[in-house]
Amino acid sequence: MTSSEKQLIGSRSRASGAAFEKLIETSCEVYKNRKLAYIEKTPEPMRPISGADRQGKFTAIYTAAAQPDYKGTLSGGRAVVFEAKHTDSDTMKQERVTPAQAEALRIHYELGALCFVLISIKDRYFAIPWHEWKYMKQSFGRKYITTADLKEYEVKMKADKGSVYLDFLPAALICAV
């Protein structure tokens, strides 16, 4: 594969990931407006290492290991914590959740939070309960999953007042029982 082809694939993947994140943000806004949940993207801790240039751009470094992507509270008071991952390939590897993210998800899960990994495989979406993700090898026989493995965890897109969103909470709640 040429360098140009790799760049094109990388560019498409970043665009797909950004679209997935936008769907999640829209979903969180819909849930907030309906008073079902208040979920926010977790900011990554970073420290600037250079001053801003004329366009306002600066260089920064991460100061801590990545945390799960989203945290919040469901109506009724239960915490919700999840990691979001996208791939344009046919499989999602367990290792995509970093050890630091896995540890945070484990702790939240053990404290009673609704924890899951929300994934996008090409143009399909799934909310995999944390205990299924954590024990992927035992559940699926390998440390990666495909869309065929995940039918019961599929998340549907819906429309709300002109917005398209992922209705991931019902899938996550049903599978967490």
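The model is predicted, so local features need pLDDT of at least 70 and side-chain atom pairs count only at pLDDT 80 or more, while totals for chains, interfaces and linings use all residues. Residues are numbered from 1 along each chain as its sequence is written, and side-chain values use heavy atoms, with hydrogens and water left out. The protein chain has five helices and 12 strands; helices (H or I, at least four residues) and strands (E, at least two) are DSSP runs, numbered from the N terminus.

**Overall picture**

- Of the 177 residues of the protein chain, 36% count as buried; buried means under 20% relative accessible area, exposed over 50%, and partly exposed in between (1.4 Å probe, protein chains only).
- Contact means heavy atoms within 4.5 Å, and among contacts between residues at least 6 apart in sequence, 59% join residues at least 24 apart.

**Aromatic pairs**

- The structure holds seven aromatic pairs; rings of Phe, Tyr and Trp (its six-membered ring) pair if their centres lie within 6.5 Å, with planes under 30 degrees apart counted as stacked, over 60 as edge-to-face and the rest as tilted.
- Y31 and F168 form an edge-to-face pair, because their ring centres are 5.2 Å apart and their planes stand at 90°.
- This pair links distant parts of the chain, with Y31 in helix 1 (residues 3-33) and F168 in helix 5 (residues 168-176), 137 residues apart.
- Both Y31 and F168 are buried.
- F168 also forms a tilted pair with F116, at 6.0 Å centre to centre and 45° between the planes.
- F116 lies in strand 7 (residues 114-121) and F168 in helix 5, so the pair ties together parts that are 52 residues apart in sequence.
- F116, like F168, is buried.
- Ring pairs join Y31, Y70, F82, F116, Y165 and F168 into a cluster.

**Charges over rings**

- K41 lies over the face of Y70, at 5.3 Å from the ring centre; a charge sits over a ring if NZ of Lys or CZ of Arg is within 6 Å of the ring centre and within 35 degrees of the ring normal.
- R142 takes up such a position over the face of Y144, at 4.7 Å from the ring centre.

**The largest pocket**

- The largest pocket holds about 200 Å³ of space.
- On a 1 Å grid over the protein atoms alone, a pocket is an open set of points where a 1.4 Å probe fits, with protein on both sides within 12 Å along at least five of seven lines, and lining residues have an atom within 4 Å of a point.
- Grid points are joined across faces, edges and corners, and a volume is the space filled by probe spheres set on the points.
- Its lining includes K41 and Y70, along with S13, G17, F20, E21, I24, D69, A84, K85, H86 and R96.
- Helix 1 and strand 5 are the elements that give two or more residues to this lining.
- Helix 1 gives the most, with five residues.

**D88 and its surroundings**

- D88 sits in the loop between strand 5 (79-87) and strand 6 (91-93), and is partly exposed, with a relative accessible area of 31%.
- Not counting residues up to four places away in sequence, D88 touches R12, S13, S16 and K122.
- The D88 side chain makes polar contacts with the side chains of S16 (3.5 Å) and H86 (2.8 Å).
- A polar contact is a pair of N or O atoms within 3.5 Å; within protein, one must be able to donate a hydrogen and the other to accept it, and residues adjacent in sequence count only if both atoms are side-chain atoms.

**Positive phi values**

- Most residues other than glycine have a negative phi.
- K122 has a positive phi of about 55° although it is not a glycine; K122 lies in the loop between strand 7 and strand 8 (124-129) and is partly exposed at 42% relative accessible area.
- K161 also has a positive phi, near 50°; K161 lies in the loop between strand 11 (157-160) and strand 12 (163-166) and is exposed, with a relative accessible area of 83%.

**Two buried residues**

- Q94, in the loop between strand 6 and helix 2 (99-110), counts as buried at 16% relative accessibility.
- Beyond four places in sequence, Q94 touches W133, K134, Y135, M136, K143 and Y144.
- T146, in strand 9 (residues 144-146), is buried with a relative accessible area of 18%.
- Leaving aside neighbours within four places in sequence, T146 is in contact with D90, T91 and I121.
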